[in-house]
Amino acid sequence: MNDTTETPLLQPASSRDGSRYWKSLEDLAETPAFQEWMQREFPAGASEIEGVNRRHFLKIMAASFGLAGLGLSGCRRPEKTILAFGNQAEMMIPGNPVFYTSSQPSAKDNIPLVVETHQARPTKIEGNPSYTPYRGATDLFAQASVLDMYDPDRSTHSRNRSGRVDMAAVRDQLNTIRRKHRDDRGRGLVLLVEGSTSPSRSRILRKLKAQLPEALCAEYEPLSHYGAETAFAAITDTALRPLPQFDAAKRIVAIDSDFLQTGPGKLGFANAFAKGRKVYHAEDADRMSRLYSVESNLTLTGSMADHRLRLGSAQMSAFASLLAAEVLRQSGLNAEALAAVQALQTNLEIDPDWLSACAADLLEHRGASLVVAGDHLPAEVHCLCYLINAAIGANGSTIRYAQVEKPSASIRDVVTRLQSGRVETLFILGGNPAYDAPADLDWSNAVKQAGQTLHLSYYRNETSLQCDWHIARSHYLESWGDGRTYDGTVVPVQPMIDPIFRTFNELEVLARLAGESETDPYAITRATFDAMTDGTDAAFHRFLSNGLLADSAFATENAPLTIAELLIQLSGANVSSPEFSADSLELIFAASQNTYDGRYANNGWLQECPEPITKFTWDNAILISPRLARELESASGVQITPDRSMMVEAGRLTQQTATFQRGRQHAPIAELTVNGRTIKAPVHIVPGLANYSIVAPLGFGRKAAGRVGNGVGFDAYPLRTTSTPYIATGATLKLTSERVQLANAQEHWSMEGRAIVREGNVEEWKQEPDFANNMGMESHSPPVYGKAQNESVQYKVTNQPRGGSAHEHPRFTDPLPNVPIWNRPGAKEQFRAPQQWGMVIDMNACTGCNACVVACQSENNIPIVGRDQVMRGREMHWIRLDRYFTGDVNDDNDIPEDVQVSFMGVACQHCENAPCETVCPVNATVHDEQGLNVMAYNRCVGTRYCANNCPYKVRRFNFFDWNKRNINEVYKGPLGRVDEPELGKMQKNPNVTVRMRGVMEKCTYCVQRIETAKHDQKRIAGASGNVGVPDGRILTACQQVCPTEAIVFGDLSDANTKVSKLRESDRDYSLLGYLNVRPRTTYLARIRNPNKRIPRTYKMPFTRASYKARQPKPLNR
Amino acid sequence: MATTTSNLPTCPAQAELLDQIRPAEHKETPLVGNKRDFPWVTEKICTIVESRVPTWWWVAFAMALFTASFTGVGLVWLVSTGVGVWGLANPVNWGWAIVNFVFWIGIGHAGTLISAILCLLKQGWRTSINRAAEAMTIFAVVCAGIFPLFHVGRVWFAWWLFPIPNSNAIWPQFRSPLEWDVFAVSTYGTVSALFWYMGMIPDLGTLRDRATLVLRRGMDETLTPLQRKVQTAIWTLRKYGYGIFAMGWRNAGNHWRNYEMAYLLLAGLSTPLVLSVHTIVSFDFAVSIIPGWHTTIFPPYFVAGAIFSGFGMVLTLMLPLRALYGFHDLITQRHIDNMCKICLGTGCIVGYAYIMEFFIAWYGANPFEEFAFINRAFGQYAWAYWIMFSCNVFVPQLFWFKAVRRNAAMVWIMSILINVGMWFERFVITVTSLANDFLPTSWGYYSPTIVDIFTFFGTFGLFSVLFLLFLKVLPIMPMGEVKFVMPQADPHGHGFGDTAQGANSEMKGGAH
Amino acid sequence: MANLFPKSINTLPIKIIVAIVFIVAAITAGVTYYFTPEYTRIGYAPTQPVAFSHALHVDQLGMDCRYCHTHVDRAAHANIPPSNTCMSCHSLVKVDSPALAPVRASYESGNPIPWVRVHAAPDYVYFNHAAHVNRGISCVECHGQVNQMEVVYHAKSLSMAFCLECHRNPEQYIRPLEAVYDLNWERPTEPEAVAELETFVHDWKVNPPQSCSGCHR
Amino acid sequence: MAKQFGLLARFKDTPDLFHAAEKVRDAGYRKWDTFAPLPIHGLPAAQGLGRSRVPVFTLIGGFCGFWIGLLMVWYMNLYDYPLLVGGMPFFSPIFPFPIAYELTILLAAFGTLIGMFVMNTLPQHYHPLFNSEQFLATSSDQFMIAIESSDPQFNTEATRLFLEEIGGTDIQVIEE
């Protein structure tokens, strides 16, 4: 994929001409590629494309200085043109974005979207708030998918063995295939499709099967989520999809289930779960839900858990049987079931008190408790889970079941058919089996058995390279289609733009194969829609404008299975628990937070987004537990953990988990062997892992992903077989003496007993409601408000009381002194303080999903810097997610095995007394009248003093021209290639300046959104004083995307806004408040809700215990 | 030996008594050794400028120029490519550049101190070293100024730091210590240059007059015509070059009167200036809120450190110079002793500050502060801390011993160690405080790149280039002031030795 | 007896000082002329592909600004009209005028007319037309008497200093909303009328920003 | 023949010059000066010169510097463009102090230098005395007194005798 000649837009005629930068419009318009693109994108005429130009950070000052001596009037007054429409398109107002609904297709859960477009360029993806379960949230993958559309490595042309082919040739080929197989009823045809929820696709596929009944149509997703559905399908012959209702659940047990972060439906689950965690006042503390998590890997769900039990994934069947037995025993309802479950002999030993306390807790909240199991677990776990849910009254109250289609043939069937040698045509639609097929299928050899292979794919990836034909596929933002959310609600896939390149929609390809007369994807989608509804235009328009079809969710049943059916299924199930040791490990294949299953490997935003638990960017590693690390160390003599430094010896620092040398992690490489296959990969210690479970994140080590994703990390797919898709036992790990540097974005893992993330237990919170403000330095040195200490938030943010200052300090209630009209006698009384923006982040709701990080990157034109620069510590994220582990202080392990995890999103805190502002010598960062800490890039000279003086370290400096230079050639300066793909530029938000090198940048509270809302309000206000923006009109990008609504933004000067109400919460505190910087972003302390009856429960959260342990002992007077 | 010229009426008995009094021998070591006379001083100093350039000078100059080119290359790369070519990153956004800036500014301080404060304190021994020390100040400020100027991300906009009216109608922000720095450092550079220049005016007059005399007398007859032409051209150049800058100085009594007053005033102005400059430099750190920076002890601590490092540098430069040019009679052991003692004293102040910081960190009961200091001494940069501590606190203790002070080689080595230690002091303050501050998630490690190292290395070359040019082109000692502290300068004949008088008359005879 | 320098040299320092004063003044003037928007921009009147006369259309024919610049009160940008706006009249009026040939060509082909940009704010400046024209700031305050221009030229400097002047003294520029598009409206001078304009500032809560976020994002 | 500037006499050493100067002073000459390669302690008084006026220039410079500093900051950060910076006052006498302080010293230093030049009527690159080869040696080790012919008491012969009387040797007539 390094063949850049394929992407004409990458090759502007004058790409090495520096002057192009500030005269870009003409030069850009000159390039044939651009003109061609223009013709295609705006058939009715060119737009007023000043938006494109605006995105440049204009360096006209610098440029004209350089040319001052030449006396060219063209430099002094560079001539630019404005290209207005020839014929104005309807609804398109130059400069105003247009929003369209759509959805991001995925295998089981289309995420409903609203896409912001500027002059028909999609620039930002947001969730569709009309779909209430997800309430407008998206995950990080959906946020980042807009970048894929403008990926210069995307496939722009179809090609066959002889080279590029045009669209007509592809269509001819499709017709040829169809004609050929019409005669043999499809016997020689195999279709391998990726997972999809599209009703249109399944309609076309049904037609295709009807036409070619002997064709094999199989579906393959490397990370399918069919665990529960197939388990129940074996009983009832229809697949049942469990739909848990977390908002109704007060007690939740998650059996190796990461329902908050991985798997379909997570957005709705996270939102519902967070509702049970949002208690703002101590008197409501008991309303909080409690989450037990039993897991091997340390997932985000486990991080949110109040009780977390570490257990191997292969032991989950045993655990489920023990829990089922205990629940049934205590409930005493169904002796038959109890006997059947107890008959399942298990050798797993779990503290019986733990089990009984947990079971009792569930039963005490009968009807409001819930057990969920991970989709990757075997069928018996799901059956046992159903049994428990039945016993605790969950079925019908906190969980429902929807009937869904059964999974079709699998990739194994395809390989069998291929090996039989009868396959003339193998047509792969999407997916990348050459990279991610199970290793035991030997896909690469099997493919060779086919007569002809075709691959419809967005990228020319590993599979494309194996196939005779590669058919370029359109991005979903260029495509018509439809889909369903996890609960079955039908949502549209609507194009924002005509396909930029000569690419195909999957629906068209399938329709041509099926011999449909209608091959236009729009018409296909419409026909499918019409079949589901009354088929009126009005209904379809409503569908598109709402972005969903109301009441189209799957019908649900409360208890579709009987206990008897389950017991039959369970009888004889194997629930034995394997014995693990350092010589016999359990290997878990996990979805990557960066690339999912590898499909997002070429997405720079995702690659650079630090994985929430390990904080790796651009890398993956085998994750091992601290105990395993110590055992491997002593067995092999290779050092994994670093030497104890003097500070550690002195008890001033916690022992590091990883060997950092000069700020870079040097990880040892190990040989991982399982199922007779071996790979080499770096190892990394994660506290909190089950002792002998090791985790291999999938989706790395791509060879044909593109320039971003090639060769990043190691590929774990070669270890993965059809029989061990998620959990493989008997793995061994052998350390080598080699080491490799990993790009870890967070060196230190411990909070060091500092009162940063403040946490309390429900019980102590009830006793000390304002504990969050009685921690840290603030407990004895609070911010200096003087006599105004007890005034309201509104008073403090507008009047800026300064304690005992001898000087007159500016107040937001006063007009600026140089505006005479407002300083006249009597005028000040009429003056109204501008709205004062502030933000509250609820750490009880934040799951650490990273969506805010990518949303911010997308909204604010934040560049990526590449692996090397991340290792140097120069990542540019405006919001970062700090992750702290805290071990039990009584645990004398160097690296704790059992940890509690705390996440804290830190962006610019917009301090009222901002320390960054006072040190800027050029007034480049000052406060505005709305309390924002603003950063004028065009005034910044780049002293970086502000970044030094920021106690939160949230300022980011443009050390190089990230937006201009190829990230691999930044050190070459002007000699390096100018890497500014025209495609990538189209993603940029025209309302945010693209920063050049040498300037500082940071979170602005999405000032472009604030200003847009204010301007709109001014337009509405006209000749009136109604200039206040109503609460909720402005959503910052991070707030908008947050699945759990953990981020709330609004006007603090109005006591009735949501954010002001949250500021009243008992849990509200300022990070490093003692500095008297008075941040406008405050945090709601985290509350944990442990069960007092659980053995070795914790009296206070580990963070708090370690804070107390590190507090200086008071002197006895 | 007459003791008084006053005609106070005294009774005979008293006079008799007075006659019997034999004042004790004047024990103070003379500031100019070997009872030299005025012409010797003039010759000694002017000959350096007027004679042929020695080979070692050319060698040294070539080496210095080569070294200085490292800075040039480093800066070109920096400006063309971005600040990223340095090792800076979050959280350490200031690295070697600022360390070097403070280091060089500190070096400069000894020069002003010698010329100004010692002048005010009427320390006669300063005269022979003050010109070179002032030159050192100016060149150090030049080297220092490079760093804050070029460390900014967009150096072509650095003029925004100056209050220049512009069509954006925006001004600098005067609450920023960096803005104070702009004023302090530019004032410091300017005033030092003025002071230096003014002190040089009489000496430039001397060089001018000597050149004029040589030209009037004609070139040596033994030379070939071509050589004579070349010689004439050189001397003419000197005559006009020095003549223009001498501004018509005539050594008149009235000139000397105003000059002395102006000199005293400039010394008086330079003294608070030099104290304020390092105070303001220390504000760059002290005004911030970063633990380890946010310290009220910084101003005196920085000033003491600056004097300490400055005298270290004076010794490093002067000792080889003394050997090369044979200045043993001008830079005497007494000078070296005094400078060693100043180093000892300021070294102790600095050491006290180091210890006091720890005490305050503990006593202040702020865990962030406490950690910052413990981390300095035992954390990831402990090596730098202990280099600093040994060089700055332990090494100068050797100056208690006279034997050490009298061993020039030893003093020279120690002076270099002091410079190393003081560079590390700035490194420790700047880097360790930033690398581990409030939030452990934002901790990091800073290491310089090759560009950092070469750019700094090159400034020594730049300094040497400037200093060598100074040695060659300008009078390296203020002749008037040296003469002023010689016994012959006394208008009442005190301290006239026979030799001095004799030499003086010899000179008279020889001159004509 | 040759002196070191001729006698005349003693007057040289004064001459040098005078010369320096002149040189500095010249440099200041040069920089001001060459680099500041006051001079780089004002008077810029490029030749447009179509010799459109605002004087004819607005002053003589009485067309409203918004007839062509349709989105000025709804969007940040005041759009340049598409060719079909021109053609809505010129398909009936002056149908065959050779001056309008580029417009007709554009209308037929859909290709844009390459109008030369006169008013260009730098990319880092975000000016919102709608927020100004809806709050009593007329086109004329920034664009000058466009209604009298045969050829559009840059009438005001549009420098940051220019913006700030109005943001600091809004009462001197605000006008009744109905007069915003009346470019010939004359600011009253009688005290009562001035006082009324000033009440607009107070009643409409006009508090124009002076800090960065007002214009830079 | 050019106009006469005055008479130049040479003296042996510092004390000679000092005593001769006292005598010239006592003789009532006004337009005359001593020349020595070094500043001589007490010589100005011996010449009848008062205290130097350079400090006046210094004071004016320093005064201007201080107020320019304060007013500049007041104008820029409060009056013309008040921006909210870290919750700090727009203006207080505290934060501009370093600026005012540095400008005080800067302008005072310039004042001093200018004062020295003005009081010495420098630069004066041409001076009749430079015509004398003998005079040029003053910058090395010679001591001289010159009495100008524009002095009311000046009389070429009488003054020459007077100079000889007070110990002057090698007496020369200096021409303009």
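The legends below describe close-up views of a predicted model. Local features need pLDDT of at least 70 and side-chain atom pairs count only at pLDDT 80 or more, while totals for chains, interfaces and linings use all residues. Residues are numbered from 1 along each chain as its sequence is written, with chains lettered from A and ligands numbered from 1 in the order in which they are written.

**View 1. The largest nonpolar core has 564 residues.** Such a core is a set of buried Ala, Val, Leu, Ile, Met, Phe, Trp, Tyr and Cys residues joined through C-beta atoms within 7 Å; buried requires 20 or more other C-beta atoms within 10 Å of the residue's own, with C-beta atoms placed from the backbone. Ile255(A), Val314(B) and Ile145(D) touch the most other members. Helix α8 (residues 253-286) of chain B gives the most, 17 residues; helices are DSSP runs of H or I, at least four residues, and strands are runs of E, at least two, numbered from the N terminus.

**View 2. Chain B meets chain D through 60 residues on each chain.** Contact requires C-beta atoms, placed from the backbone, within 7 Å. On the chain B side, α8(B) provides the largest share, 17 residues. That side divides into 32 nonpolar, 20 polar and eight charged residues (nonpolar: Ala, Val, Leu, Ile, Met, Phe, Trp, Tyr, Cys and Pro; charged: Asp, Glu, Lys and Arg; polar: the others, Gly among them).

**View 3. Three strands of chain A form an open sheet in the order β2-β3-β4, with antiparallel pairing.** Pairing requires at least two DSSP bridges between two strands. The edge strands are β2 (98-104) and β4 (121-127) of chain A. Strand β3 (residues 111-118) of chain A is joined to β4(A) by six bridges, and His118(A) stands opposite Arg121(A) in β4(A).

How values were computed:
Buried ≥ 20, exposed ≤ 12 C-beta atoms within 10 Å, placed from the backbone. Contact = placed C-beta atoms within 7 Å.
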